[in-house]
Structure formats: structure tokens, C-alpha cells
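User: I would like to learn how to read helix packing, salt bridges and backbone angles in a model. Please take me through one case at a time.

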Amino acid sequence: MDKNPFIYDLDIPDLSDLLKSWGEPAYRTAQIWSGLYRHFYNSPSEFTNIPKSLREKLESNVRFNALTPDLRQSSSDGHTIKTLFRLPDSQVIEAVQMDYDRRRTLCISSQAGCAMGCVFCATGQMGFKRHLTSGEIVAQVMHYARQSHAQGERVTNIVVMGMGEPFHNYDNTMAAIDRLNDPEGFNFGARRITISTVGLVPAIRRFADEGRQVNLAVSLHAADDETRVEMLPVNKRYPIADVLDACRYYVDKTHRRVTFEWALINEVNDSPETARRLATRLKGLLCHVNAIPLNPTTGYSGVATDRGRAEGFRAVLQQAGIPCTIRMRRGIDIAAGCGQLAGAASI
Ligand code: SAH
Ligand code: SF4
């Protein structure tokens with residue numbers, strides 16, 4: 001495998017050290033950074049703002065193509081595009097673009113596979129392969145940003161809701177977000193980014209302490225531990241009470257609203273009693289429930305809640321003062337994401 005560093009894995013100090021080691025003047029760093037993140041250059045030959053000799057050095061010492069788009073599918077309505085990317089070690093990940101309500105939202109992956117084993121999730125069913133590097137996370141965004149730029153469009157929102165558990169790959173995910181956020185580069189606003197976690201309690205607290213303006217979504221899916229542990233094995237380690245305590249801590253620290261995700265599964269977690277129980281547990285917490293009918297996967301026999309039951313669930317929450325939105329499933333005909341896309345499109 002090519003041992004050269006991947007260009008998107010470098011932050012500004014890394015790039016500047018590399019260029020310094022080649023005897024380049026300091027201003028080259030800014031030229032290359034803006035070429036990458038403002039002009040979306042994708043290969044050394046495009047950097048016409050730097051000398052040919054430096055382009056050649058980049059060509060032979062840095063990798064630009066660590067993510068190979070392998071397969072591209074569009075939903076029948078044309079609003080959702082899924083791209084599978086092959087990584088240098090042959091792992092495959094996916095990232096999805098959704099156009100909805102004048103927004104262009106990207107749903108990106110943080111890991112190849114996932115170690116959390118949630119029973120209804122396609123990624124959970126495949127198991128953990130590996131963490132993505134920060135550059136592999138950034139590159140998914142730049143792929144779509146480049147295409148959007150060529151169409152005169154732009155990405156408006158990013159959700160880290162594709163494959164993997166971002167808080168299990170905390171450092172690389174945050175490094176990727178900080179790089180995308182950099183005002184000298186892509187300058188993507190933290191408030192337009194959402195991270196979704198299965199509920200890793202220490203990481204939620206750390207995230208709260210670090211004070212980024214990034215939105216937090218927590219996959220709750222059940223209002224009691226018996227039900228949740230059957231769906232999300234991680235609940236053994238971090239039961240609902242601990243997750244909600246961490247969410248209260250987050251809200252206290254950041255004054256930001258938490259989104260709770262809820263995959264509505266017929267007769268599993270969609271009854272009015274469940275909604276009442278959930279409302280009791282969420283009372284006083286600055287939050288919003290984002291409910292999505294389950295997207296069926298081959299490894300799980302649960303069935304999506306129908307619209308009537310979903311509306312009933314929502315009505316109970318609303319009456320108890322907990323805002324709840326039922327999301328339509330999008331991109332379903334291309335099996336986009338692990339079924340989470342409806343929520344992702346509208347956050
Ligand atoms: N690991 C993170 C983020 C990726 S999953 C997390 O679990 O939050 C993103 C969202 O999709 C989560 O809320 C997850 O529970 C949900 N999801 C996974 N499989 C689903 C399915 N088959 N139908 C509906 N939602 C699903
Ligand atoms: Fe992993 Fe999230 Fe899927 Fe659970 S729902 S297996 S945490 S990707």
C-alpha cells in the first residue's frame with residue numbers, strides 16, 4: 001500500500017511542516033490549503049497557482065485519491081445520491097447526498113462497519129472493520145462539495161449518520177470537523193453539522209466540555225432498559241438513565257437542544273404507553289424527538305410502524321410538551337445509509 005500521506009489527513013501545521021521540509025516558502029501552505037478547500041482541486045496538476053516542480057513533488061510524495069468512488073446510485077426521485085467509496089485497504093464506505101427543502105445535506109460515515117451491533121442496523125449487522133482517518137471523513141465531504149461547486153450549488157448541512165459510531169472514533173471525527181470548519185479553508189459552519197451517537201456516555205460529556213457548536217443527536221429508540229438493550233447492546237454498559245444524565249449535562253453546558261432519534265418499529269417501541277413513558281423521562285430536557293419508521297434490513301425481522309400509529313405516538317409526545325417530528329423515509333429505493341436517511345435529510 002502507498003505509504004505517502006493522504007492530503008486530507010493533513011491539517012495546516014502538518015502541511016506547513018511538509019512544505020518546509022522541502023524548502024518551500026511559508027506562503028505555499030495557504031496556497032495549497034485554499035486550492036484544496038476553496039477551489040476543490042483534486043490532483044496536483046490542478047494547482048496552477050504553484051510552480052510545476054512543487055506540483056511534481058506533491059504528485060510523488062502525497063496521495064490525492066485515497067477514496068475511489070466505486071458505485072453511484074440515484075433514488076428514483078433524483079433527490080438522493082449514494083456513493084460507495086473503496087478505501088486503499090479495500091474497505092467500502094458510503095456517503096449520501098440528499099436535496100430536500102432547499103437544503104443539500106450530506107450523510108457521511110465515520111467508520112467502516114460498526115462495533116455497536118444494534119440489531120436493526122445494516123452497519124451493525126456487518127460488524128466493525130476499522131476507524132476512518134480524519135482525511136477519509138473529510139474526503140467524503142469534499143467529493144460532494146466539488147461536484148456541487150461544478151453545478152453552481154453548495155452543501156448546506158452535514159450529518160455524521162452514515163456507517164459507524166462517530167464517538168467510538170472520537171478524535172478522528174473531531175479532527176475532520178475542525179478541518180472542515182477552518183475559516184481559511186472550507187469554512188463550513190459547525191452549527192450546520194450534526195453528530196449522531198448511539199449514546200456513549202463519557203464521549204457525550206467530553207463533547208459537551210469541548211464546546212463545539214456542532215449539533216448532537218442521540219439514538220434512543222426505547223424508553224425502558226429491557227427494550228433498549230435488546231435493540232442496542234451498548235445499553236448494557238450505558239443504560240438510559242446515564243445517557244439522559246449525560247444529555248442534561250450537555251444541555252446545561254452548551255444550552256443547545258438535543259435531538260433524540262427513534263426508529264419506529266411496529267409493536268416494539270411505538271405504542272402510546274411507550275410515548276407516555278418517554279415523555280416522562282424527557283420532561284424538563286431541552287430536546288426534540290426525531291421519529292423515523294424503521295427501514296427494513298435483511299438481518300432484522302421488525303416491521304416499520306404505519307403512518308397512523310406513528311401519528312398517535314407523536315400526538316402523545318406533543319401533548320406532553322415534547323416536540324416530535326415524524327420523518328419520511330428518503331432514498332429507500334437505493335437502500336441508502338442504514339435507514340437513517342430520513343432524519344438526516346431534515347435535521
Ligand atoms: N452510530 C450512530 C450514527 C450512525 S446510525 C448512531 O447510532 O446514532 C444513524 C441513525 O440511523 C441512528 O439513529 C440509528 O439508530 C439509525 N438507524 C440505523 N438503522 C436503522 C434502520 N434500519 N431504520 C431506521 N433507522 C436506523
Ligand atoms: Fe453502529 Fe449506529 Fe448502526 Fe448502532 S445504529 S450499529 S451505533 S451505526
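User: Is Lys 52 buried or exposed?

Analyst: Some ground rules come before the answer. This is a predicted model, in which local features need pLDDT of at least 70, side-chain atom pairs count only at pLDDT 80 or more, and totals for chains, interfaces and linings use all residues. Residues are numbered from 1 along each chain as its sequence is written, chains are lettered from A and ligands numbered from 1 in the order in which they are written, and side-chain values use heavy atoms, with hydrogens and water left out. Buried means under 20% relative accessible area, exposed means over 50%, and partly exposed is in between (1.4 Å probe, protein chains only). Lys 52 has a relative accessibility of 55%, so it counts as exposed.

User: Which residue does Lys 52 form a salt bridge with?

Analyst: The general idea is that side chains of opposite charge can pair when their charged atoms come close. The rule used here asks for a side-chain nitrogen of Lys or Arg within 4 Å of a carboxyl oxygen of Asp or Glu. Lys 52 meets it with Glu 56, where the closest N and O atoms are 3.2 Å apart. Both residues belong to helix H3 (residues 52-61) and are four residues apart, about one turn of the helix. Helices here are DSSP runs of H or I with at least four residues, strands are runs of E with at least two, and both are numbered from the N terminus. Glu 56 has a relative accessible area of 45% and is therefore partly exposed.

User: How many salt bridges does this rule give?

Analyst: The count comes to 16. One of them joins Asp 245 to Arg 248, with 3.2 Å between the closest N and O atoms. These two are about one helical turn from each other because they sit three residues apart in helix H9 (residues 240-254). Asp 245, at 39% relative accessible area, is partly exposed, and Arg 248, at 32%, is partly exposed too.

User: Where do Arg 309 and Asp 270 lie?

Analyst: Take the pairing itself to begin with: Arg 309 forms a salt bridge with Asp 270, and the closest N and O atoms are 2.8 Å apart. Arg 309 is in helix H11 (residues 307-319), while Asp 270 is in the loop between strand S10 (258-264) and helix H10 (272-282), so the pair ties together parts that are 39 residues apart in sequence. Asp 270 counts as buried at 2% relative accessibility, and Arg 309 counts as partly exposed at 29%.

User: Which residues are linked in a network of salt bridges?

Analyst: The network links Asp 171, Asp 178, Arg 206, Glu 210 and Arg 212.

User: At what angle do the axes of H1 and H2 cross?

Analyst: Axes are lines fitted to C-alpha atoms, for helices over the stretch in contact, and angles run from 0 to 180 degrees between N-to-C directions. Under 35 degrees counts as roughly parallel, over 145 as roughly antiparallel, 65 to 115 as roughly perpendicular, and the rest as oblique. The axes of H1 (residues 12-21) and H2 (residues 27-37) come within 9 Å and cross at roughly 125°. H1 and H2 are therefore oblique to each other.

User: Which residues of H1 and H2 meet?

Analyst: Contact means heavy atoms within 4.5 Å. From H1 come Ile 12, Leu 15, Ser 16 and Leu 19, and from H2 come Arg 28, Thr 29, Ile 32 and Trp 33.

User: How are H7 and H9 oriented to each other?

Analyst: The axes of H7 (residues 201-210) and H9 come within 9 Å and cross at roughly 5°. That makes H7 roughly parallel to H9. Among the residues in this contact are Phe 207 and Ala 208 in H7, and Tyr 249 and Tyr 250 in H9.

User: What is the phi of His 255?

Analyst: Most residues other than glycine have a negative phi, and most peptide bonds are trans. His 255 has a positive phi, near 60°. His 255 is placed in the loop between H9 and S10, and it counts as exposed at 65% relative accessibility. Glu 267, not a glycine, also has a positive phi, about 65°. Glu 267 is in the loop between S10 and H10 and is exposed, with a relative accessible area of 63%.
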